[in-house]
Amino acid sequence: MNYLDQFQDRNVVRGLADRIAQLTAGRAAPMTFMEVCGTHTMAISRYGIRSILPSQVRLISGPGCPVCVTPNSYIDRAVAMCRIPGIIITTFGDMMRVPGSSSSLMEQRAKGADIRTVYSPLDAMALAAKNRDRQVVFLGVGFETTAPAIAGSILTAARQGLDNYFVLASHKVMPKPMEILAADPELKIDGYICPAHVSAIIGGNAYRPLVENQHVPCVVTGFEPTDIMQGVEMLVRQVLEGVSRVEIQYSRVVSWDGNKKAQEIIAQVFTPCDAQWRGMGTIPGTGLEINDAYAAFDAQKAIPVEVEELQEHAGCLCGEILKGKIAPSDCPLFGTTCTPEAPVGACMVSSEGSCAAAYKYMN
Amino acid sequence: MDHDLILLGHGSGGRLSHQLLDELIIPSLSGISVAGQNDAAVIAHDSGRLAFTTDSYVVDPIFFPGGNIGDLAVNGTVNDLAMMGATPRYISVGLIIEEGFSKKELAVILSAMREAADLAGVQIVTGDTKVVPKGKADRIFINTSGIGLFDHDLRINGCAARPGDKIIINGTIGDHGICVLATREGLDLQTVIESDTAALNGLVTELLKEGEALHVLRDPTRGGVATTLKEIAVQSGVTIKLQEADLPLKDAVKGVCAILGLDPLHVANEGKLLAIVAPEAAERVLERMRNHPCGVDAAIIGEVTQVSAGAVQMETTIGGLRAIDMLSGEQLPRIC
């Protein structure tokens, strides 16, 4: 048995499921717990966790998939940029298929644009070093998890004088959107399965204002099945005791203070800004933009382009799905006009999107 | 969106490939659907039945641990014939070479083809060579076609799975796809993952001894085990249920898949076959596989549960239930 197998142990999971069932037995109204991390969305679907939880526990997905919350206007800017002769766009694979107002990066690549999938901003930097006569733009989306590595790549590029490397940044930060959703009377969230990787950076203490202002239980939870089941059990216990506090289930990785070094690097390169979230509109202070000291690496400032007029996709309910207000299958486009092959909304595109998870594992 | 464009995903072997086949290729070339959704066409002629198949190889990189584009091209076509229960006999080779390619490298590829053909007991009988200007192809592409003959009357094809049947695989899944990916992307792993490329006709000969109990044979190449089983489920009109805990998987492959977010069930294999057999024959088939060099890690991974419109489910390691679907979009372009 290897390290990973221990966290997927069938008997441990079964034991936790039995305990959750005992604790919630006889309750009329289900407890609703929201996760706000694409990896949790996928793990819950992939292992079939909903199928082993009692009906008194309902798991819903929030705005945790970075590709999904990225607005159309960002895709449109990337599409406009990739049409500049000689430019190389580098991106994590999931961004390729997201439809913008009228096109996607995948379509532009098929038409001849130089767009390459990379696994890390360091790969993009290496490409810039190898092609000094070309501008290389990395599409920097994500939460606090990817921000430090991207900030690090900018710092390295600055040190090496790599003046043909740029980042088109659209970073977002937690936990403020969680506070907005917790205050939404329509949603009635009974507890948060807090993100694992984001929390490794920001630390468990970051959720204290959320708990104090909204009185909602928060448990920082790992990604393996035993982690998720234990995180759910901890949330159930808080609800039954009528308390709300921050707890860390994923203590083998997450500390109360988080990763100080990563926080410093983010602060060195980025500055907080207002951010547009698909479905949630503009939320003050929830974005990160490249600060003035590193403006030379900011693609938005350094490479001006004319961006087409924004068009939202008619009938797409990604926004409501990202807020947890409806399930993917409640959207009239789900599985009919919107499929992974011909996605209308971002939630069907990203491998971490709620709709993609629902389509892939349950249809 | 512009729907006129061919996308990389149309070559993935998954859902988009099926769409292109169904909507454009098969209707335009009426007559080729004799292959149905099987690996090779089976054609009746005066002196019996004949299996015929073709496949093109564009793998990048052309050399990888465990093989190269040459033996891959021979084994792939041999396997497509073998999956119909035919004995592979004759192979053609079409080479498309980029100007400036090395003769030494070509010699290595050709000798791998010869060796693979000898091992599989097939003859390379005809071929063609084209050279295109630099930049108009990537190093070398190879097409192979093959003819196989039948020495039995068994009808092995994707329509023959029925409730109660067991699903058996001859070894670990995802090795080829992860090997090519790791080599191409320069992933620095502690162990070398080798491609499983191999001719499976010898193993099939063993399995054919089970006669009528052998219902379906299919090699899970592009699109992986998930796509192949979904195709069979739809063709046969049944539900297939897998046991995740029983899937043979190398630790290194499992690790790379976990890091990169790939599902090993969607990753390509080049030396694997799925056998769907009557329940009473399952243990014997497993034994036959394990006694053959191509099947030492063989395992029973699931069963056909019921008649349906065609579905695949899996009981996960923790006892949950989820659906399995075809590969969607492009996972790893140029894997074979």
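Analyst: In chain B, β13(B) and β14(B) form a hairpin, with 5 residues between them. The turn holds Gly319(B), whose phi is positive, at about 95°. Strand β13 covers residues 311-315 and strand β14 covers residues 321-324 of chain B. Strands here are DSSP runs of E with at least two residues, helices are runs of H or I with at least four, and both are numbered from the N terminus. The two strands are antiparallel and share 4 bridges; two strands pair if DSSP finds at least two bridges between them. One of the bridges puts Gln313(B) with Ala323(B) of β14(B).

This is a predicted model: local features need pLDDT of at least 70, side-chain atom pairs count only at pLDDT 80 or more, and totals for chains, interfaces and linings use all residues. Residues are numbered from 1 along each chain as its sequence is written, while chains are lettered from A and ligands numbered from 1 in the order in which they are written.

Over residues 162-313, chain B is 34% helix and 20% strand. Helix α8 of chain B spans residues 282-290 and contains Glu283(B). Glu283(B) has 13 other C-beta atoms within 10 Å, so it is partly exposed. (A residue is buried with 20 or more other C-beta atoms within 10 Å of its own, exposed with 12 or fewer, and partly exposed in between; C-beta atoms are placed from the backbone.) Between the C-alpha atoms of Glu283(B) and Leu72(B) the separation is 30 Å, with 211 residues along the chain from one to the other.

Two other loops of chain B have backbone features to note. Most residues other than glycine have a negative phi, and most peptide bonds are trans. Arg139(B) has a positive phi near 65° and sits in the loop between β6 (123-132) and β7 (140-149) of chain B. With 18 other C-beta atoms within 10 Å, Arg139(B) is partly exposed. The peptide bond between Asp60(B) and Pro61(B) is cis, with omega about 10°, and Pro61(B) belongs to the loop between β2 (48-57) and β3 (63-64) of chain B.

Chain A also has a hairpin, made by β10(A) and β11(A) with 3 residues between them. In that turn Gly279(A) has a positive phi of about 90°. Strands β10 (residues 270-277) and β11(A) run antiparallel and are joined by 7 bridges, one of which pairs Thr271(A) with Glu289(A). On β11 (residues 281-290) there is a further antiparallel partner, β6 (residues 165-172) of chain A, joined by 2 bridges; Lys172(A) stands opposite Gly287(A) there. In the loop between β6 and α9 (176-182) of chain A lies Pro175(A), and the peptide bond from Met174(A) to Pro175(A) is cis, with omega near 0°.

Chain A also contains an open sheet of 5 parallel strands in the order β2-β1-β7-β8-β9. Its edge strands, β2 (57-61) and β9 (246-248), each have a single partner strand, so one side of each is left without a neighbour in the sheet. Strand β8 (residues 218-220) meets β9(A) through 3 bridges, and Val219(A) stands opposite Glu247(A). The loop between α11 (208-214) and β8 of chain A holds His215(A), whose phi is positive, near 50°. His215(A) counts as exposed because 12 C-beta neighbours lie inside 10 Å.

What lies in the interior? The largest nonpolar core has 119 residues, and Ala78(A) and Val167(A) have the most contacts inside it. A nonpolar core is a set of buried Ala, Val, Leu, Ile, Met, Phe, Trp, Tyr and Cys residues joined through C-beta atoms within 7 Å. Helix α12 (residues 225-241) of chain A gives the most to this core, with 7 residues. Apart from this core lies another, of 88 residues, including Val204(B), Leu207(B), Ile240(B) and Ala268(B).
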